[in-house]
Amino acid sequence: MTQKPETPHPANSIRTGPDENGHFGPYGGRYVAETLMPLILEVEKTWHAAKEDPAFWDEFKDLATHYVGRPSPLYYAKATTEHLGGAKIYFKRDELNHTGAHKINHCLGQILVAKRMGKTRIIAETGAGQHGVATATVCALFDMPCTVFMGAEDVKRQAPNVFRMKLLGAEVVPVTSGSSTLKDAMNEALRHWVANVHDTYYLIGTVAGPHPYPEMVRDFQSVIGNEVREQLQDAEGRLPDSVVACIGGGSNAMGLFHPFLDDTSVRLIGVEAGGLGVDTEKHAASLNGGTQGVLHGMKSYFLQDEDGQITEAHSISAGLDYPGIGPEHAWLHDLKRAEYVSVTDDEALDAFQQLSKLEGIIPALEPSHAFAHVLKIAGDLPKDHLMVMNLCGRGDKDIFTVAEKLGVTL
Amino acid sequence: MNRIETIFEKLKSEGRKALVTFITAGDPDAAKSASILAALPGSGADIIEIGMPFTDPMADGPAIQAAGLRALEAGANMKQTLKMVQDFRSKNTDTPIVLMGYMNPVLAYGPDAFMKDAAAAGVDGLILVDLPPEEADELAPLAQQNGLHIIRLVTPTTDEARLQTVLNGAGGFLYYVSITGVTGTKSANVDEVGAHIKEIKKTTNLPVVAGFGIKTPEDASAMSAIADGIVVGSAIVEQIGEGADDKAISTQVQALHDALKAA
């Protein structure tokens, strides 16, 4: 565990964001209905007190170590490195966490915050079901009732995860409003929260939503980057030259990037879901194919038409299928501190198969996007270039989608 | 003095409470929406709120969500909404119009252009549901420059300390959200709302109008005893969704008006 007190930020640090109103440059903020404002302010107050309380982190660390299995290994991907003949590639193995992805990191942290607030029930939104499963897991652990809002379309597409959530004791509410997908599940969770502010905590699944969620989720996910920093120091005695992660809302990427923001020698590369291509209408690349706007409590980049109506995202990976992105990524994008690229469904599908065969690791479709970009660039980089890719989820959940794409009947 | 202040003075002198009616612009289509709008003042609406359609209305219940989607399906956009107000204004110079909606379509239109065009079309006030006072700096000065009131929401969760924040920069009237919930869902508890509004009126001279969860003439009558006006939205929009024409809506609005008058 490397969640330790941070070293003081240098004067020109960009790690100090957000400001007191939750803004990262022009992004972020708290664009919520007045009914929610007192509650949002209470979440912020509780979180900021917890953040300074060593007892809070002791409990978090203890669970992260013994329940989640942290630290996750940093693995030298020798076969991939030799295959590509360029950069030396490491994988951060967050797919080995309990529940099979990085989502458990912020679920654990947030349920501890909810407990401190005295809230007695948890709600969450989910797209693919990974965040829903992780939320249902921590709710089972803490014996709290859990309601997960999931687009009716996703309920159909992700039956195994729906079953998992139910096994864990959660109630899954299919959302039929709007387009019946992740953004509508988030709308519905917000509506439900407005009606149940007295006893309910909304456990948001990414570095998005109103302040303080982007900051809070980032801080829980920063365990990823902090571990990488320490583990690579042990393995190579220095910082990485580049770090690569996939981006939907941006939680795993933010957790990987944040500890390196002030280390300007480290290239930060976020890989968006390009769907059928960012020049088509079917993608989920909010930074590469979206524009500035306000949704779900934050100002950021969104997929929208010229009238400000939110458009549908598309990705082969349900976990990246969101028409917005966390506000800190929007800011890093504008500052050009991080590079944001995209890869298509087909490239991700190909990377999924290559990684399975090269390393004996079946990745989730989300990090398959990151790996597709590694495949594109690593071969042209010098052999002394150290690249760390976050392998943020395992692929068991995706075998049905992949089989269907490959024309295999299971 | 803007039309909102004028109407509340007039109502006060007549000893009446304001009937505020809500419809979504362009629902079910531009032409029908315009004729429903045109008939509202004659049926007893004192102030008209017009919803600006948005794909993701997070503070609205099923009825107003559906209204927005019907309008968008029929091709609604912000230009058309402002045009509808402009056409209405060419025949009616008295009834205040308040646009209600979400930030994103306003940002997409361009905040400066939006405020100018809305004022030119004859809009009197704005309710932006997802714009709390903390984020208002981007839009409030532009609204003010163009003579548009920013109408703030007060809710059952707004305590005394927060009320000061909400009142700072509030104009026109205060919109009291009478339930903790989204539009058109639960029914309001008149006693609780009444007690809170009484507290609020100690700190502001703005008229307080109650909305969310007021459906029937009976609801309207009960709520009018404790507020300066009431808003009926989902109940009207539901009728429109079921295919009611302007005559049917007029009858519904007239019944609400009569109930308020008799209260």
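**Pocket, cavity and interface in a predicted model**

Helix 16 of chain A contributes the most to the lining of the largest pocket, four residues. Helices here are DSSP runs of H or I with at least four residues, strands are runs of E with at least two, and both are numbered from the N terminus. The model is predicted, so local features need pLDDT of at least 70 and side-chain atom pairs count only at pLDDT 80 or more, while totals for chains, interfaces and linings use all residues. Residues are numbered from 1 along each chain as its sequence is written, chains are lettered from A and ligands numbered from 1 in the order in which they are written, and side-chain values use heavy atoms, without hydrogens and water.

Helix 6 (152-157), helix 7 (159-167) and helix 16 (399-405) of chain A each give at least two residues to the lining of that pocket. The volume of the largest pocket is about 800 Å³. On a 1 Å grid over the protein atoms alone, a pocket is an open set of points with protein on both sides within 12 Å along at least five of seven lines, a cavity is a set where a 1.4 Å probe fits but cannot get out, and lining residues have an atom within 4 Å of a point. The pocket has 34 lining residues, and A:Arg157, A:Ala313, A:His314, A:Ser315 and A:Asp321 are the closest to its centre. By class, the lining holds 10 nonpolar, 12 polar and 12 charged residues.

The whole structure contains eight cavities of 30 Å³ or more. The largest cavity has a volume of about 390 Å³. Its lining comprises 31 residues, with A:His102, A:Lys103, A:Gly205, A:Gly319 and A:Leu320 nearest the centre. Elements of chain A that each supply at least two lining residues include strand 5 (121-126), helix 5 (130-141) and helix 8. The cavity lining divides into 12 nonpolar, 15 polar and four charged residues.

Next comes the interface. In chain A, 33 residues are in contact (heavy atoms within 4.5 Å) with 35 residues of chain B. Three salt bridges are counted between chain A and chain B, each a side-chain nitrogen of Lys or Arg within 4 Å of a carboxyl oxygen of Asp or Glu. A:Glu34 forms a salt bridge with B:Arg162, where the closest N and O atoms are 2.6 Å apart. Strand 2 (27-31), helix 1 (37-51), helix 8 (182-195) and strand 11 (291-295) of chain A each supply at least two residues of the side that touches chain B. Helix 8 of chain A has the largest share of that side, eight residues.

Note on methods:
Points joined across faces, edges and corners; volume = space filled by probe spheres on them. Nonpolar A, V, L, I, M, F, W, Y, C, P; charged D, E, K, R; others polar.
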